[in-house]
Amino acid sequence: MKFAYRFSNLLGTVYRRGNLNFTCDGNSVISPVGNRVTVFDLKNNKSSTLPLATRYNVKCVGLSPDGRLAIIVDEGGNALLVSLLCRSVLHHFHFKGSVHSVSFSPDGRKFVVTKGNIAQMYHAPGRKREFNAFVLDKTYFGPYDETTHIDWTDDSRCFAVGSKDMSTWVFGAERWDNLIYYALGGHKDAIVACFFESNSLDLYTLSQDGALCVWQCDTPPEGLRLKAPTGWKADLLRRNEEEEEEGEGEEEGEQETTIRGKATPALEEQKGKVKYSRLAKYFFNKEGDFNNLTAAAYHKKIHLLVTGFASGIFHLHELPEFNLIHSLSISDQRVESVAINSSGDWIALGCSGLGQLLVWEWQSESYVLKQQGHFNSMVSLAYSPDGQYIVTGGDDGKVKVWNTLSGFCFITFTEHSSGVTGVTFTTTGYVIVTSSMDGTVRAFDLHRYRNFRTFTSPRPTQFSCVAVDSSGEIVSAGAQDSFEIFIWSMQTGRLLEVLSGHEGPISGLCFNPMKSVLASSSWDRTVRLWDMVDSWKTTETLTLTSDALAVTFRPDGAELAVATLNSQITFWDPENAVQTGSIEGRHDLKPGRKELDKITAKHSAKSKAFTTLCYSADGQSVLAGGMSKFVCIYHVKEQILRKKFEISCNLSLDAMEEFLNRRKMTEFGNLALIDQDAGEENGVAIPLPGVRKGDMSSRHFKPEIRVTSLRFSPTGRCWAATTTEGLLIYSLDTQMLFDPFELDTSVTPGRIRAALRQRDFTRAILMAVRLNERKLVQEALESVPWDEIEVISSSLPELYVEKVLEFLASSFEVSHHLEFYLIWTQKLLMVHGQKLKSRAGKLLPTVQFLQKSIQRHLDNISKLCDWNRYNIQYALAVSKQRGMKRPSEPLGSEEEADASDDDDSLHLLGGGHGDGDDGHSLLV
């Protein structure tokens with residue numbers, strides 16, 4: 001088994017905080033999720049997370065006008081220059097301060113960053129490789145408080161900056177003679193957004209108290225005059241024109257210029273300059289309504305203003321008349337970010353309180369995208385038997401089902417009234433069984449999306465885990481408070497048995513995949529094996545050295561793995577109740593030190609352990625995770641660590657670092673004890689004595705990094721982990737992996753192509769499989785004529801059949817030659833089916849991967865065929881209706897006309913009454 005697993009996608013979380021962006025084509029939304037960035041492709045219904053991560057949570061994202069580059073800035077001021085085409089980091093930069101917003105100019109040559117009370121303009125990175133991609137051009141001073149928003153004019157000549165000091169500043173991108181800076185007032189609260197009108201210097205400003213000011217400028221953009229250089233600058237400019245341009249990589253300080261604005265300039269300075277006058281002031285809130293405006297976006301071409309409020313309402317207005325188009329409440333949490341796509345049809349709204357992301361088509365008043373993650377931590381997950389779906393349960397009581405191909409949640413079950421503790425699929429893949437702290441175990445149907453069974457105990461109890469046997473008939477759940485295991489029948493819903501014997505809370509349950517045996521682990525330092533056939537008697541009791549936290553069977557049922565509180569993983573033979581091995585994992589877990597911990601990470605590691613276990617699809621390895629940022633893969637037979645994955649590098653989470661930062665330690669204690677960030681947004685700033693204002697319960701806290709659940713996909717191609725960050729999926733990275741199979745010097749690409757030219761297809765396929773280069777295998781298989789596939793299949797050795805089947809399974813996901821690959825699959829399975837059946841255990845991941853790929857195509861094509869069939873039936877019915885000749889009738893009353901219309905509709909619905917077979921029913 002190979003371990004080139006790399007991070008491939010982040011599910012379970014769609015938006016945290018920061019600004020949303022649409023790509024330049026308007027078909028994708030770019031959403032910051034923690035310290036990562038996810039791209040939601042709305043046209044192709046797919047989400048993908050960029051394979052990069054910042055050091056802290058992402059605060060703002062700036063997109064270049066051509067959509068090629070993005071600047072991602074985190075809370076610490078670290079910036080990444082990212083290519084969205086090749087999805088890689090091009091440059092690292094530190095802005096030396098907390099950045100609030102970043103915006104590219106429309107011509108793509110400059111970008112402005114606001115941090116603190118200043119705005120800095122940088123030269124935008126070009127398409128050529130540069131030593132320093134970010135070169136500071138100008139620094140603008142003026143606002144007295146933090147800056148909040150940036151907007152550019154269409155010609156990139158000027159930009160406006162809003163501030164929390166209730167002023168808006170207009171700065172010139174060049175040294176204009178009649179506009180260097182201009183300060184606008186008129187508001188009584190912090191500026192949330194400011195927008196220029198298209199091809200104009202006219203300005204709209206919006207403040208937090210729901211006021212909109214319309215400003216008119218007396219000068220068009222073409223009327224701006226460039227200031228002529230004087231003195232030594234003129235001489236320098238003349239000298240530079242004569243010489244060739246040199247020294248692109250000069251230091252920033254030599255090229256930087258500073259512009260200092262004044263709120264009330266002198267009268268002499270105002271003569272001959274640009275002037276603004278306020279045309280109108282509008283208010284969003286009605287009288288007595290105090291709803292804070294939190295986000296806004298403006299589409300200049302169609303003059304559409306979208307505003308989001310703290311109560312979860314958003315309004316659509318047409319400017320400059322301020323006509324309300326419509327308003328809608330989408331949440332009970334504040335709208336954090338708003339964005340409009342290039343065509344002006346779709347509006348993206350992000351609510352950080354519940355982690356919601358919505359894309360609204362305002363003209364048809366319908367949702368294009370409506371996603372929400374678990375707003376509390378995810379606790380458990382399970383793969384469907386074909387690996388196509390993942391179900392997750394969270395502390396918020398919700399059960400969500402995610403499609404691994406698209407990355408979207410397509411159904412949410414909200415029947416549980418308390419936290420979900422365990423989820424699992426039945427072997428059919430269409431039933432989900434969940435356990436909860438609310439005292440119920442529920443079964444959900446994925447055909448009709450309903451809760452069709454609810455299992456309860458005679459006395460109310462909290463369930464900590466759930467398991468379903470291989471037949472899908474018997475459901476078991478472990479109790480946390482009564483130390484009992486309850487057994488129900490899925491068919492009847494009745495309680496069959498209550499198993500007693502444990503002396504501590506049940507921590508895990510697992511059915512043997514091959515036999516009717518249930519394993520239960522408990523905090524009483526035992527694992528008990530219960531036989532379903534023999535009246536639920538305890539066949540064996542395995543005694544452990546510490547409390548058991550997780551238990552799982554190997555896929556073939558011949559081995560049992562148990563994780564205990566002393567950071568050990570022990571392996572047992574369930575038939576003979578003999579321990580076959582153990583792994584000491586304390587040093588591999590490497591937990592970090594929390595900010596408020598009094599002891600070092602080395603000492604706190606003694607209380608940390610693996611809390612979740614799962615076997616790989618082939619059963620040779622075990623995956624373990626717990627209260628740490630690491631996930632470990634161990635080889636079971638050799639009992640060694642094969643690979644360790646660091647699931648997060650986000651320093652916004654707690655317990656990420658092994659040692660505390662000494663700069664945060666003062667003589668009065670740790671700075672982490674002070675709620676420094678509580679004053680942000682709607683929190684409480686450090687109050688003066690006697691002042692009682694705001695929500696005193698608001699606190700700033702850092703969630704702790706941990707892995708709550710791990711599962712390997714049945715296909716063996718990927719594994720998933722529920723963590724503090726979300727649902728992380730790691731896939732087998734085959735692009736950069738050279739992994740030959742029984743290679744010798746005679747196998748070369750040249751010889752493979754020579755064999756194909758000689759039509760020696762069997763030898764070419766064998767050599768291509770041995771070289772294991774994907775393109776060569778594809779070339780060799782596709783060179784075989786379809787009528788010779790059966791002959792070639794029968795001549796392939798059995799060892800190579802498995803490799804070819806694995807290649808076919810992966811090709812179904814990307815190739816358009818569907819029928820050709822289906823013929824290959826059919827012939828290989830028909831010819832070698834009996835031999836492959838004898839090695840079913842080892843081949844199971846490959847067969848499941850193949851089944852998943854074919855099932856996906858079946859679903860897509862069946863939907864298309866049903867739709868085409870319906871359209872053909874409709875066309876047939878309409879054509880028969882049009883072919884009928886109607887006698888001309890004199891004009892009658894309206895009632896007769898209505899009756900005739902009803903008859904027509906009845907005829908149309910009835911379809912053909914004669915020879916047509918499929919034309920008789922339109923309502924398919």
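Author: α10 passes α11 in a left-handed crossing. The model is a predicted one. Helix α10 covers residues 798-811 and helix α11 residues 818-838; their axes come within 10 Å and cross at roughly 145 degrees.

Reader: Which residues of α10 and α11 make the contact?

Author: From α10 they are Glu798, Val801, Val804, Leu805, Phe807, Leu808 and Ser811. From α11 they are Tyr821, Trp824, Thr825, Leu828, Leu829, His832, Lys835 and Leu836. Sorted by class, ten are nonpolar, three polar and two charged.

Reader: At what angle do the axes of α6 and α7 cross?

Author: Helix α6 (residues 749-757) and helix α7 (residues 761-771) have axes that cross at roughly 160 degrees and come within 8 Å. Angles over 145 degrees count as roughly antiparallel, and α6 and α7 are therefore roughly antiparallel to each other. The crossing of α6 with α7 is left-handed. On the α6 side the contact includes Ile752 and Leu756, and on the α7 side Phe761 and Met767. By class there are nine nonpolar residues, two charged and no polar ones.

Reader: Now the single residue. Is serine 343 buried, partly exposed or exposed?

Author: Serine 343 counts as partly exposed because its relative accessibility is 40%, and the class runs between 20% and 50%. Serine 343 sits in the loop between β27 (337-340) and β28 (346-351).

Reader: What does the side chain of serine 343 make a polar contact with?

Author: The partner is the side chain of aspartate 345, at 3.2 Å. Asparagine 27 is 316 residues from serine 343 in sequence, yet their C-alpha atoms are 9.8 Å apart in space.

Terms used. Residues are numbered from 1 along each chain as its sequence is written. This is a predicted model: local features need pLDDT of at least 70, side-chain atom pairs count only at pLDDT 80 or more; totals for chains, interfaces and linings use all residues. Side-chain values use heavy atoms; hydrogens and water are left out. Axes are lines fitted to C-alpha atoms, for helices over the stretch in contact, and angles run from 0 to 180 degrees between N-to-C directions. Helices (H or I, at least four residues) and strands (E, at least two) are DSSP runs, numbered from the N terminus. Angles under 35 degrees count as roughly parallel, over 145 as roughly antiparallel, 65 to 115 as roughly perpendicular and the rest as oblique. A crossing is left-handed if the near helix is turned anticlockwise from the far one by less than a right angle, and right-handed if clockwise. Contact means heavy atoms within 4.5 Å. Ala, Val, Leu, Ile, Met, Phe, Trp, Tyr, Cys and Pro count as nonpolar, Asp, Glu, Lys and Arg as charged, and the others, Gly among them, as polar. Buried means under 20% relative accessible area, exposed over 50%, partly exposed in between (1.4 Å probe, protein chains only). A polar contact is a pair of N or O atoms within 3.5 Å; within protein, one must be able to donate a hydrogen and the other to accept it, and residues adjacent in sequence count only if both atoms are side-chain atoms.
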